[in-house]
Amino acid sequence: MMSIRQRREIRATEVSEDFPAQEENVKLENKLPSGCTSRRLWKILSLTIGGTIALCIGLLTSVYLATLHENDLWFSNIKEVEREISFRTECGLYYSYYKQMLQAPTLMQGFHGLIYDNKTESMKTINLLQRMNIYQEVFLSILYRVLPIQKYLEPVYFYIYTLFGLQAIYVTALYITSWLLSGTWLSGLLAAFWYVTNRIDTTRVEFTIPLRENWALPFFAIQIAAITYFLRPNLQPLSERLTLLAIFISTFLFSLTWQFNQFMMLMQALVLFTLDSLDMLPAVKATWLYGIQITSLLLVCILQFFNSMILGSLLISFNLSVFIARKLQKNLKTGSFLNRLGKLLLHLFMVLCLTLFLNNIIKKILNLKSDEHIFKFLKAKFGLGATRDFDANLYLCEEAFGLLPFNTFGRLSDTLLFYAYIFVLSITVIVAFVVAFHNLSDSTNQQSVGKMEKGTVDLKPETAYNLIHTILFGFLALSTMRMKYLWTSHMCVFASFGLCSPEIWELLLKSVHLYNPKRICIMRYSVPILILLYLCYKFWPGMMDELSELREFYDPDTVELMNWINSNTPRKAVFAGSMQLLAGVKLCTGRTLTNHPHYEDSSLRERTRAVYQIYAKRAPEEVHALLRSFGTDYVILEDSICYERRHRRGCRLRDLLDIANGHMMDGPGENDPDLKPADHPRFCEEIKRNLPPYVAYFTRVFQNKTFHVYKLSRNK
């Protein structure tokens, strides 16, 4: 005990040389117990209030989105077939497996039906648990069977309420992340308000409920919150272990529920790599996070029956390359500024080359082609060569895969989110540059990450992580509109954190010579409160009008088609048509398909191209032979595709097929010089004339304003 007291006395003497007011410190020491007690009580009160608000705002957001969905479709009043049709495109395909599991006599038979499925792709038996991320549907179907809720809740409501419940978790995780960064729950409240008022640009769950991203993004938000806490310095060992467990579980669930998980986590790995290279992040913690990413993916790979697309992912190759490059370059963080910069560039080059080398080796060993369409799309999108590849052009011509529309920024500016985001981003980027330059210049005097000499700017590791995260995902959103939901939700977090951050206001007030601790306190609380009042004043009436606006689902042509298929075709009949429509056919009728919207398989893409020749300029006997090669009994033609006007010339489906087939496109406009006139008229137009060459192969059995169904002859 004496030795401990003696050390305290020495420290007090040492401190007194720099801080003369020793008597004041002694007085504070005497008052410490009561001060600690009051601070502890205040902290508990703040945590209780902030936590309660987080749960309430999450639940209210969930109820709000569920109400919008109900009001838009009158979901509770429409027929079962109409409810299922409302799950458009791939959403219907995913929901069909939930329905299939519930209709199975036993769970084991349900599992067997998914592992040995011969109805999703005709004349093929595929393992759906390997091919698709549908474990969430399996889990929900088991829960629905086990829980005593069948009498009170229909299966479809159990499904959609689960998704809306995940939105509550999503908003709560965003709230907590902002709170962790700023130190006040007020920033979390502002982040949640911004998320709701910018709903058009932050989520699309109310009209694409079963989409994989709606399952995955809540777990992604939990992971970001956990990483933000994990990167705090001086965590207790127990807290650190529990946080690592939370990161692992959320990363695993995120990876399990979305097929594009590897690309999102690659962006995260790039964030970690950047911060580690610039000494803005503890190398040990970065290593833990790299390891969790690899472990999660490998575990998902096992659950998906060793899905080769996961093993051949860029993420695994990149993380392994980082580990190898670290071993080869042991003195990366020593030397002068120029010496260190040269080492960094060499390190970057080495990691890049190793990543490409490992990835190519793995893909050659596994003969992996499942994701080649993504790289063809990226190559064409960024102008690395024109392409006539049908799959790449199919993505390029979709608005969702185009550049982020400029009017998005107008909507984000109306809520003041974009202005606040740019304000906070500008300041933190400047600070990051200063800190990075200081770290690279001062490598001879190694200091702990995130701590610098008094009087210099500072950037906490958790802030640095979220800064690089928002920048990289911002570039992703700008280049591909569909990915904006990853950016805009984090934008709410980052902007609200900055406005409530004492460090941001301190730096700003010091730069204009107005620094005062009281002014910091006033600014960090008054500005968010004023914005919250503005949001309530401007958007509350509109939200109330939205909730009172009642619509109803109306698609009589599709309903008529599904009812006709159920009543007039054999249960084992095989249907061909567009990917989007066939997903609905699978869900509503249970018939066998030739193709479907889950496009991450090379053989399926080839099959889809062949089926889509029904909209190309091909002879009837050629189309018949192609369709019969997949066992097709019926083909559905859609006027909305055959006479499409939604896309510009060159991007209509029929144009993409003409270009891929080497044929000149229809209508006024230029054609590439090597394209030639087709020998046959367009199949989907000519078949409606009932000419003998077509009648010999196809018999029309159903027709309405939108759809034409033809039965294929079997004796040709």
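Leu242 lies in helix α13, residues 237-257, where helices (H or I, at least four residues) and strands (E, at least two) are DSSP runs numbered from the N terminus. Together with Leu238, Leu245 and Ile249, Leu242 forms a nonpolar patch on the surface, and the four have about 380 Å² of accessible area together. A patch is made of residues with over 30% relative accessible area and no salt bridge, like charges being joined within 9 Å and nonpolar side chains (Val, Leu, Ile, Met, Phe, Trp, Tyr) within 5 Å. Accessible areas come from the Shrake-Rupley method with a 1.4 Å probe, and for residues only the protein chains shown count as cover.

The model is predicted: local features need pLDDT of at least 70 and side-chain atom pairs count only at pLDDT 80 or more, while totals for chains, interfaces and linings use all residues. Residues are numbered from 1 along each chain as its sequence is written, and side-chain values use heavy atoms, with hydrogens and water left out.

Salt bridges come next. With a salt bridge taken as a side-chain nitrogen of Lys or Arg within 4 Å of a carboxyl oxygen of Asp or Glu, the count comes to 33. One of these joins Glu206 and Arg199, at 2.5 Å from N to O. Both Glu206 and Arg199 are buried; buried means under 20% relative accessible area, exposed over 50%, and partly exposed in between, with a 1.4 Å probe and protein chains only.

Lys617 forms a salt bridge with Asp666, and the closest N and O atoms are 2.8 Å apart. Lys617 sits in the loop between α29 (602-611) and α30 (620-628), and Asp666 in the loop between α32 (653-660) and α33 (683-686), so the pair ties together parts that are 49 residues apart in sequence. Lys617 is buried at 12% relative accessible area, whereas Asp666 is partly exposed at 24%.

Asp633 and Arg714 also meet in a salt bridge, at 2.5 Å from N to O. Because Asp633 lies in the loop between α30 and β3 (634-638) and Arg714 in the segment after β5 (707-712), this pair ties together parts that are 81 residues apart in sequence. Asp633 counts as buried at 10% relative accessibility, while Arg714 counts as exposed at 62%. Elsewhere, a network of salt bridges links Glu121, Lys124, Arg131 and Asp601.

Ser62 belongs to helix α3, residues 32-73, and is buried with a relative accessible area of 11%. Apart from neighbours within four places in sequence, Ser62 is in contact with Phe164, Gly165 and Ala168, contact meaning heavy atoms within 4.5 Å. In the loop between α3 and α4 (80-85) is Trp74, a non-glycine residue with a positive phi of about 55 degrees. Trp74 is partly exposed at 38% relative accessibility. Asn690, in the loop between α33 and α34 (692-695), likewise is not a glycine and has a positive phi, near 55 degrees. Asn690 is partly exposed, at 40% relative accessible area.

A search of the whole structure finds five cavities of 30 Å³ or more. On a 1 Å grid over the protein atoms alone, a cavity is a set of points where a 1.4 Å probe fits but cannot get out, and lining residues have an atom within 4 Å of a point. Points are joined across faces, edges and corners, and a volume is the space filled by probe spheres set on them. The largest cavity has a volume of about 90 Å³. Of its 13 lining residues, the closest to the centre are Leu174, Phe220, Ala221, Ile224 and Ser489. Helices α9 (155-182), α12 (212-230) and α24 (484-500) each supply at least two lining residues, and the largest share, five residues, comes from α24.

How values were computed:
On a 1 Å grid over the protein atoms alone, a cavity is a set of points where a 1.4 Å probe fits but cannot get out, and a pocket is an open set with protein on both sides within 12 Å along at least five of seven lines; lining residues have an atom within 4 Å of a point.
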